Amino acid sequence: MNNRRRRTRVPFHTRVQFIIQGKALVSSDSRDLSLTGVYFLTDLRPEEGAIGEVELNLGLGMHPLTLKFKGVVARADENGIGVRFLEMDPAAFVHLKNLLYYNTGNPEAIDAEIIHYPFDPESDSPSMKNSPPPPLRKGRSPEE
């Protein structure tokens, strides 16, 4: 399979819960994570385009942390599903960005993605591969 994605994905294993129409699809293991989505292993196959809430459970013990995102099923294969994030609160974004910083080995790549391709789904598409970065627009950057 040809990898045409622009976003840096890092191997990241944690418990994921995806809730669609009040029904939880639970996975014991995510496979990778990026600024715009997560891929996780599951036997269940919701339809592409299904919208729900993603919960990433980080940490155990007395101080667990759960990051919540609104997401859409972007793809499904024989092993699991990929969910693209649609919305997140600022605190979840900060935690997500820090997870990627610490797990990528190249935090500058994450910073470049935030600056050049701030959460525009079109910037992830193959047709945008050789085009210049879209201009930053007021209110589109998670840093604002």
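Trainee: What makes up the protein chain in terms of helices and strands?

Mentor: The protein chain has 2 helices and 8 strands, where helices (H or I, at least four residues) and strands (E, at least two) are DSSP runs, numbered from the N terminus. Going from the N terminus, the order is β-β-β-β-β-β-β-β-α-α. Keep in mind that this is a predicted model, where local features need pLDDT of at least 70, side-chain atom pairs count only at pLDDT 80 or more, and totals for chains, interfaces and linings use all residues. Residues are numbered from 1 along each chain as its sequence is written, and side-chain values use heavy atoms, with hydrogens and water left out.

Trainee: How do you know that β1 and β4 pair?

Mentor: Two strands pair if DSSP finds at least two bridges between them. β1 and β4 (residues 30–34) have 2 bridges, in the antiparallel sense, so the pair qualifies. V10 has L33 in β4 as its bridge partner.

Trainee: And what order do the strands take in the sheet?

Mentor: It's an open sheet of 8 strands, β1-β4-β5-β8-β7-β6-β2-β3, with antiparallel pairing. β1 (10–11) and β3 (23–27) each have a single partner strand, so one side of each lacks a neighbour in the sheet.

Trainee: What lies across the sheet strands β1, β4, β6, β7 and β8?

Mentor: That's helix α1 (residues 90–104), running at about 75 degrees to β7 (65–76). For that angle, axes are lines fitted to C-alpha atoms, for helices over the stretch in contact, and angles run from 0 to 180 degrees between N-to-C directions.

Trainee: Why is S30 called buried?

Mentor: Buried means under 20% relative accessible area, exposed over 50%, and partly exposed in between (1.4 Å probe, protein chains only). S30, in strand β4, comes out at 1%, so it counts as buried. Across the protein chain, buried residues are 40% of the 144 residues.

Trainee: Is T42 buried or exposed?

Mentor: T42 is in the loop between β5 (37–41) and β6 (51–58), and its 8% relative accessibility makes it buried. A polar atom of its side chain lies 3.2 Å from the backbone nitrogen of L44.

Trainee: What makes Q21 stand out?

Mentor: Q21 has a positive phi of about 50 degrees, though it is not a glycine. Most residues other than glycine have a negative phi. Q21 sits in the loop between β2 (15–20) and β3, and at 80% relative accessible area it is exposed.

Trainee: Why is the F69 and F85 pair called stacked?

Mentor: Rings of Phe, Tyr and Trp (its six-membered ring) pair if their centres lie within 6.5 Å; planes under 30 degrees apart count as stacked, over 60 as edge-to-face and the rest as tilted. The search of the whole structure finds 2 aromatic pairs. For F69 and F85, the centres are 4.1 Å apart and the planes at 15 degrees, so this one is stacked. The pair links distant parts of the chain, F69 in β7 and F85 in β8, 16 residues apart. F69 is buried at 2%, and F85 is buried at 7%.

How values were computed
Contact = heavy atoms within 4.5 Å. Polar contact = N/O pair within 3.5 Å; in protein donor to acceptor, adjacent residues only side chain to side chain.
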